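Visitor: I'm new here and would like a close look at just one part. Could you walk me through it slowly?

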Amino acid sequence: MAATDDLKAQLDDAIRVFNVKRVALLQSAFDKGGDDQVMQLESEYDALRDSYFEIISRELDENNHRYDQLVSDATDAAKDLNKSISSVGEVATVIDRASKVVNLVGRLVIALGV
Amino acid sequence: MKIHQLLAGWLAAAVLSTLAGGCASGRGVADLNDRLATGGLTVVDAAIHSYVDLENLQTTDRQQQERIKVLTAPLDSQLVLEAHPRPLQHEIDVRLAAYKALGDVYSNFRGLASPASHGDLDSAASKLVSAVGALRTASDIPPSAAAGVSKAAGMVADAIQRRRLREANAAATKLVAAYAELWQADMTGWTDYLHRVTADYADGLRSVPADRFDPQKVAELVSEPFDPRLFIRIYKLNLIEQSDSRQLAIAQELESVGRALKLLEAGHAELALSAPSTERVNQSIDRINLLVGPK
């Protein structure tokens, strides 16, 4: 199993759980920061989906010496995000962690994209 | 060699030929080539149809996501958020161009064996080479498949220019094999994409609270004889099932095109032989039509 399969599974899980809990997450965002925070949360959700689409549609160079590290960093960040979403944790933390995953996947695609 | 040995050899060859379903030659091969080229066009049409379906699915996905955003936003929120449109458009465009170019080649492939044919073979071949060049630059193409398509496109172009039927079929075998490899390599990504679109809509819709629905309107839309307290859940299920069946139809279509490409490859490989079997070529064509032909 390629290392990206685990990353893909973690992203899939984060998006799935976000959707299952989206009403609670969005209400919590609205209560804390009004429409601005709702918009920020939805924007990170869209970016997460884009990251997933990048991972399924891009050919990555598995022989690159940074491959394991970059994929592992993104996978760990996605696992942290899953924990926050599953427990409907602090919205700011969910946004931060989602943003971190999106950045790490973006970096990975730039560095390893064939 | 004695006469009875010659006769025995001839008889053995005749029996083998009969068992193999008969060999085509001359006009027969030209007709088979034309039929297979028509089969090739059928496969190309089906592939293009699949890409257009995937293209439209991106619009469906955007609409579904926007609907979910509205339905699950806090009731006091004033937001009407947009969803990201068409994330796979570039990949689809590159592949559509490659299949359209393959279609041009097949349109001309039909007249390949006829000296009277005036098809613009050179132009079709050069269009193929340039479309394949664009395909090769797409970042998501597996390098081995891209190299195979590119090399085979050049061989087809050469064979077409020289109007050599067997050579053209040998080159077409390699070209279609490379297209089939690419299709297969893409299947995982397309399947993941279909899953994402279906699952995100279903999960989002299931999470919409009952107070976001007008029970009377829902009751008008649900005709099943269940307790009215279940209508909202049944209504959600109906919407999810509609979405699932659309996506399932696309998944089946993608699967059929992949199998049809392999049959097309087998048909060309047969016609590249010095004594092709009529039956085997016809079998490939018939199965192509069953899989992706007009219903």
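How many residues does the largest nonpolar core have, and which residues have the most contacts inside it?

Guide: First, some ground rules: this is a predicted model, where local features need pLDDT of at least 70 and side-chain atom pairs count only at pLDDT 80 or more, while totals for chains, interfaces and linings use all residues. Residues are numbered from 1 along each chain as its sequence is written, chains are lettered from A and ligands numbered from 1 in the order in which they are written, and side-chain values use heavy atoms, with hydrogens and water left out.

Now, your core has 98 residues, and A:Leu108, B:Leu128 and B:Tyr179 have the most contacts inside it. A nonpolar core here is a set of buried Ala, Val, Leu, Ile, Met, Phe, Trp, Tyr and Cys residues joined through side-chain atoms within 4.5 Å, buried being under 20% relative accessible area (1.4 Å probe, protein chains only). The top contributor is H6(B), with 15 residues; helices like this are DSSP runs (H or I, at least four residues), numbered from the N terminus.

Let's zoom in on B:Tyr179. Leaving aside residues up to four places away in sequence, B:Tyr179 touches B:Ala98, B:Tyr99, B:Leu102, B:Leu128, B:Val132, B:Val149 and B:Leu261, a contact being heavy atoms within 4.5 Å.

As for where the chains meet, 36 residues from chain B and 26 residues from chain A take part in the contact. One pairing to find there is B:Asp200 with A:Arg49, whose side chains form a salt bridge (2.6 Å, N to O); the term covers a side-chain nitrogen of Lys or Arg within 4 Å of a carboxyl oxygen of Asp or Glu.

How values were computed
Buried < 20%, exposed > 50% of the residue type's maximum accessible area, 1.4 Å probe, protein only. Helix = DSSP H or I, 4+ residues; strand = E, 2+ residues; numbered from the N terminus.
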